[in-house]
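Have the model open while you read.

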Amino acid sequence: MGTNAAVCSHLHFPLQSGSDRVLALMHRGYTAERYLEKVVAARAGIEDLAITTDIIVGYPGETEEDFVRTLEVAAAAEYDSAYTFIFSPREGTEAALMVDQFCDPAEVGDRFERLRVVVERSALAKHMARIGRTETIMVEGPSKRDPEVLTGRTEQNKLVHFHTDRPLRAGTLATALITDASTHFLRGELVEVLSVSRHRTRFAVTAG
């Protein structure tokens, strides 16, 4: 990744749990310590790398101690974003048969909210640090909520909403000055169009 200019500086690196005991139950094949070592190595080897992850809350048999370890690892990893899920049994899996170890739904809901606070804290900090920077973005198209606002992705796969007085096709490369940030996206102003997308529109051909 670090030597290939065609690859974005974004690594999706699933954690699933910060508890070694739960990771063993999941047959994940790594420990929390080893996982964090790889996070440190990745950031050291790739400049301005964004790291995202997946975390499951309430895996069968998860204790409060197990969950606290997940909070600790998530805080140490300082993720740019995290996809967090509450465990739900999937037919045909080993975990689905561990019915007697299913966690209390109310307790799982509380844990989920506590985890959300931790991951959103680091996500917001990462985004706030980008205010004032000029980012290269690839235009995706109009915002779903406001068609007068365009959206694009940075080299770290971060979503940017920006204003422009000219139409830009999806795939256009441009630069934008980041002016504001939230947990899930950045806001900016168009600075320069680097290259205009020239992809062709394909028409369906029907045999006569």
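## A salt bridge to start with

Arg133 pairs with Asp48 in a salt bridge, with 2.8 Å between the closest N and O atoms. The term covers a side-chain nitrogen of Lys or Arg within 4 Å of a carboxyl oxygen of Asp or Glu. Between domain 1 and domain 2 the count is two salt bridges.

This is a predicted model, so local features need pLDDT of at least 70 and side-chain atom pairs count only at pLDDT 80 or more, while totals for chains, interfaces and linings use all residues. Numbering runs from 1 along each chain as its sequence is written, and side-chain values use heavy atoms, leaving out hydrogens and water.

## The two domains

Domain 1 spans 10-129 and domain 2 spans 133-195, with bounds from an automatic or database domain assignment. Their C-alpha centres sit 30 Å apart.

## What gets buried

How much area do domain 1 and domain 2 bury between them? About 960 Å², with 50% of it on carbon and sulfur atoms; buried area here is the accessible area (1.4 Å probe) that two parts lose on being put together, summed over both. On the domain 1 side, His10, Asp48 and His127 supply 57% of the area buried against domain 2, more than any other three residues.

## Who touches whom

Ten residues of domain 1 contact eleven residues of domain 2, where contact means heavy atoms within 4.5 Å.
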